[in-house]
Amino acid sequence: MIDCQKIVSAAEEALQGTDLFVVECTCTPANEVELLIDSDTSVSIDACAELNRKIEALLDRDTEDFSLTVASAGIGSELKLHRQYVKLIGKPVEVLLKSGVKLLATLQDATPSAITLVYEEKVAVEGKKRKQTVETVKEYALEEVKYTKEHLDYK
């Protein structure tokens, strides 16, 4: 079986000096390797193809047969690294908390251990019959978060 750590190391070395970075690498027992990369700006198909060629050149097909896929961590995929969170500061995100609460919010800040979200919620205000919409700013520890995705509004 192909070693994912070897693939990640080769990819990180090849990506040095660029704004591209490795998000995740998965290897199956059938030697199907999927390497996901992201960027602080955007990931082009050419960048994926070039990285694929560089990594394939390091592996020996005579020793082990394998399938290598290099792809961009697409829009709508779950954020896995702090660097991905930083890229989305000021943008709308969809967050599912482990408690089951789903929030559509703006990502205000991100640290390696927590995220700060700004969102509107309805709360009961004393002296009013109806709940009022107020802007809430709240910090959530990443342990409380099941997933975070970039939110795309198609309206």
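**View 1. Threonine 26 has glutamate 34, in strand E2, as its bridge partner.** Strand E2 covers residues 32–39 and is joined to E1 by seven bridges; the two run antiparallel. Strands here are DSSP runs of E with at least two residues, and helices are runs of H or I with at least four, numbered from the N terminus. The model is predicted: local features need pLDDT of at least 70 and side-chain atom pairs pLDDT 80 or more, while totals for chains, interfaces and linings use all residues. Residues are numbered from 1 along each chain as its sequence is written, and side-chain values use heavy atoms, without hydrogens and water.

**View 2. Three strands form an open sheet in the order E1-E2-E3, with mixed pairing.** Strand E1 (20–27) and strand E3 (67–72) are the edge strands, each pairing on one side only; two strands pair if DSSP finds at least two bridges between them.

**View 3. Helix H1 lies across E1 and E2.** H1 runs at about 165° to E1; angles run from 0 to 180 degrees between N-to-C directions, with axes fitted to C-alpha atoms, for helices over the stretch in contact.

**View 4. Helix H1 (residues 4–15) packs against helix H2 (residues 45–58) at an angle of about 130°, with the axes 10 Å apart.** This makes H1 oblique to H2 (under 35 degrees is roughly parallel, over 145 roughly antiparallel, 65 to 115 roughly perpendicular, and the rest oblique). The contact (heavy atoms within 4.5 Å) is made by Ile7, Ala10, Ala11, Ala14 and Leu15 of H1 with Leu51, Lys54, Ile55 and Leu58 of H2.
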